[in-house]
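This report describes selected side-chain and helix-packing features of the model shown below.

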Amino acid sequence: MKTTEQPNQPKNQIIKGTLMTLFAGIAWGMSGACGQYLMAHGMGVLALTDLRLIISGVCLLTMSYAFTRGQLVAFFKEKKNYAKITIFAFIGLFMNQFTYLEAIHLSNAGTATVLQYLCPVIILVYMCLKNRTAPTMSEVMSIVLAILGTFIIATHGQLNQLSVTPLGLFWGIFSGFTYAIYIMLPIKLIQEYGSLTVIGVGMVIAGVILFPTSGLTTLDITYSLDIIAALVGIIVIGTIISYTMFLKGTSYIGPVKSSLIAAVEPISAVFFAFLIMNEQFFMIDFVGMAMILAAVVLISVKDLLKERRKREQGVID
């Protein structure tokens, strides 16, 4: 009999991990509402994207140098990484940040965040097509729920009209695709060099190259207390702190549980969009959002059960 199962995690670690990932999900939702506030007060989508990339990237890169210096040095020694990280910087990081903020600008933080959460379903469909495997019943249910949820959010059940602008809907769904690319594209690099290094370097590359054309140099905005608070919300709390909290929480409870808990993000985004921007949502909006979240939860629970079965089989074999 093998004894490959790891010792049970201390309860305090499970509690810490749960609270950390919960905080990350709530902070990500809040960051969307902060972004909406900044754009409503004169900050362009491209300028905000670039500012977020540069400041967050520098901070994450500094953390990588402080805590995982060996991985950072090893990354730069391999010249073959340069092309890969540049592609990821633009197709993954920049496109994901930009499309999400554009979707917020054209709709609202709550709707944009929920539409971005189509990502797990998009990845599921991609993997089924790539591996030429039919989806399971629970996966089919996830796909159907995601499609119906998107339809309800977009139309409020009225076939002859849209409840969000066509462009808002387009950018929201597109952000789901770019989020999927952001997750899948750097997998091998992250496995080898760690996420702090890869994300930090990618953000800095995208931010620096984008800087001359982003409009940051000509940005005309008064940095009042509310604007500074919103910038802190989207960059410091909603990106840097939440990202590191999520990573730490994941080290305690694992990626599947963390992703499941962090799915609180759309709920948080809706709450903060109402609190900060006084956005109005209707009951039918919540029905559509619940369907998309149910699709995400179904996929996550399936992965969680699969992970548990593997662990149990490791003990029995």
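## A ring pair within helix α8

Tryptophan 171 and phenylalanine 174 are 3 residues apart in helix α8, so about one helical turn separates them. Helices here are DSSP runs (H or I, at least four residues), numbered from the N terminus. The two residues form a tilted aromatic pair, with 5.8 Å centre to centre and 45 degrees between the planes. Rings of Phe, Tyr and Trp (its six-membered ring) pair if their centres lie within 6.5 Å; planes under 30 degrees apart count as stacked, over 60 as edge-to-face and the rest as tilted. Tryptophan 171 is buried at a relative accessible area of 17%, whereas phenylalanine 174 is partly exposed at 28%. Buried means under 20% relative accessible area, exposed over 50%, and partly exposed in between (1.4 Å probe, protein chains only).

The model is predicted: local features need pLDDT of at least 70 and side-chain atom pairs count only at pLDDT 80 or more, while totals for chains, interfaces and linings use all residues. Residues are numbered from 1 along each chain as its sequence is written, and side-chain values use heavy atoms, with hydrogens and water left out.

## Further aromatic contacts

The structure holds 13 aromatic pairs. One of them joins phenylalanine 88 and tyrosine 182, which are stacked at 6.0 Å centre to centre with 20 degrees between the planes. This pair links distant parts of the chain, since phenylalanine 88 belongs to helix α4 (residues 80-106) and tyrosine 182 to helix α8 (residues 166-184), 94 residues apart. Phenylalanine 88 counts as buried because its relative accessibility is 1%.

Ring pairs also link Phe90, Phe94, Phe98, Phe170, Trp171 and Phe174 into a cluster. Elsewhere, arginine 69 lies over the face of tyrosine 65, at 4.1 Å from the ring centre. The criterion is that NZ of Lys or CZ of Arg is within 6 Å of the ring centre and within 35 degrees of the ring normal.

## Packing of α2 against α11

Helix α2 (residues 45-67) and helix α11 (residues 225-253) pack at an angle of about 35 degrees, their axes 10 Å apart. Axes are lines fitted to C-alpha atoms over the stretch in contact, and angles run from 0 to 180 degrees between N-to-C directions. The crossing of α2 and α11 is right-handed, that is, the near helix is turned clockwise from the far one by less than a right angle.

Residues making the contact include Leu48, Arg52 and Met63 of α2 and Leu231, Gly238 and Tyr243 of α11; contact means heavy atoms within 4.5 Å. The residues of this contact divide into 11 nonpolar, 4 polar and 1 charged. Ala, Val, Leu, Ile, Met, Phe, Trp, Tyr, Cys and Pro count as nonpolar, Asp, Glu, Lys and Arg as charged, and the others, Gly among them, as polar.

Threonine 150 lies in helix α7 (residues 137-155) and is buried, with a relative accessible area of 11%. Leaving aside residues up to four places away in sequence, threonine 150 touches Leu115, Leu118, Leu169, Ile173 and Ile292.

Leucine 219 is placed in the loop between α10 (195-214) and α11. Leucine 219 and methionine 43 are 7.3 Å apart, C-alpha to C-alpha, although 176 residues apart in sequence. Asparagine 278, in the loop between α13 (265-277) and α14 (283-316), has a positive phi near 55 degrees and is exposed, with a relative accessible area of 52%.

Technical notes:
Helix = DSSP H or I, 4+ residues; strand = E, 2+ residues; numbered from the N terminus.
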